[in-house]
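Have the coordinates open as you read.

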Amino acid sequence: MEKHLFNLKFAAKELQRNSKKCDKEEKVEKAKVKKAIQKGNMEVARIHAENAIRQKNQSVNFLRMSARVDAVAARVQTALTMNQVTKSMAGVVKGMDATLKTMNLEKISSLMDKFEHQFETLDVQTAQMEDTMSSTTTLTTPQNQVDSLMHEMADEAGLDLNMELPQGQTGSVGTSVASAEQDELSQRLAKLRDQM
């Protein structure tokens, strides 16, 4: 089991390294966009802009996967710890017979039920967080981001980018989607709190 835990931690580190590599590649692609715009080669600039956006999205996805693997590693660590605790408890149980005769069994049962309920709530919250993270994963390259990046690179290069690029939509669409997702998450969190 310890070997699996080590492998999970190693995989998380590897995903973080890949994320950093994608960040570097994104910077390289942005520089290529700027050079292509300076040379007036808009088609090549567009290709490099798409690559830069793809590298950025891939970097975020690697980070997200790293976080998930870390969460799994934490669960494995918990399982190992619980295994050790169980072994220790087995030794303690042998000496508890006399003590149990004087204790209130209903109180112990109630306490264990509450502990189990809290553990189930923790699992629900963890699953909700993982569902939320996976639902936001995307590998597409939105056209308005590509156009925006090309304009940004042209501005940095001090060039006027007068070409047949359509202006990307900004503002309300992304904001309204983000606020709707935020409202949904707030409602789900309130329900979880009410259950506790």
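Helices (H or I, at least four residues) and strands (E, at least two) are taken as DSSP runs and numbered from the N terminus. This is a predicted model, so local features need pLDDT of at least 70, side-chain atom pairs count only at pLDDT 80 or more, and totals for chains, interfaces and linings use all residues. Residues are numbered from 1 along each chain as its sequence is written, and side-chain values use heavy atoms, with hydrogens and water left out.

Start with the second largest pocket. Which helix gives the largest share of its lining? That is α4, with four residues. Helices α2 and α4 (105–135) each supply at least two lining residues. The lining consists of A74, R75, T78, F119, L122, D123 and T126. The volume of this pocket is about 160 Å³.

How is such a space found? Rolling a probe the size of a water molecule over the atoms shows where empty space is left. The search runs on a 1 Å grid over the protein atoms alone. A cavity is a set of points where a 1.4 Å probe fits but cannot get out; a pocket is an open set with protein on both sides within 12 Å along at least five of seven lines. Lining residues have an atom within 4 Å of a point. Grid points are joined across faces, edges and corners, and the volume is the space filled by probe spheres set on the points.

Two of the lining residues, R75 and D123, also meet through their side chains in a salt bridge, at 3.9 Å from N to O. D123 lies in helix α4 and R75 in helix α2, so the pair ties together parts that are 48 residues apart in sequence. A salt bridge here is a side-chain nitrogen of Lys or Arg within 4 Å of a carboxyl oxygen of Asp or Glu. D123 is partly exposed at 39% relative accessible area, and R75 is partly exposed at 43%. On this scale, buried means under 20%, exposed over 50%, and partly exposed in between (1.4 Å probe, protein chains only).

The structure holds four salt bridges. Another of them joins E14 and R17, with the closest N and O atoms 2.4 Å apart. Why are these two about one helical turn apart? Because they are three residues apart in helix α1. E14 is partly exposed at 32%; R17 is partly exposed at 45%.

K30 and E26 form a salt bridge too, at 3.6 Å between the closest N and O atoms. Both lie in helix α1, four residues apart, about one turn. K30 is partly exposed at 24%, whereas E26 is buried at 12%.

Now go to the chain start. M1 sits in the segment before α1 (2–38). M1 is exposed, at 51% relative accessible area. Which residues does M1 touch, leaving aside neighbours within four places in sequence? They are V76, A79 and L80, where contact means heavy atoms within 4.5 Å. The C-alpha atoms of M1 and A79 are 9.2 Å apart, although 78 residues separate them along the chain.

Finish on the surface. V85, M89 and V93 form a nonpolar patch with about 250 Å² of accessible area together. Patch members have over 30% relative accessible area and no salt bridge; like charges are joined within 9 Å, nonpolar side chains (Val, Leu, Ile, Met, Phe, Trp, Tyr) within 5 Å. Areas come from the Shrake-Rupley method with a 1.4 Å probe, and for residues only the protein chains shown count as cover. M89 belongs to helix α2 (residues 42–94) and is partly exposed at 49%.
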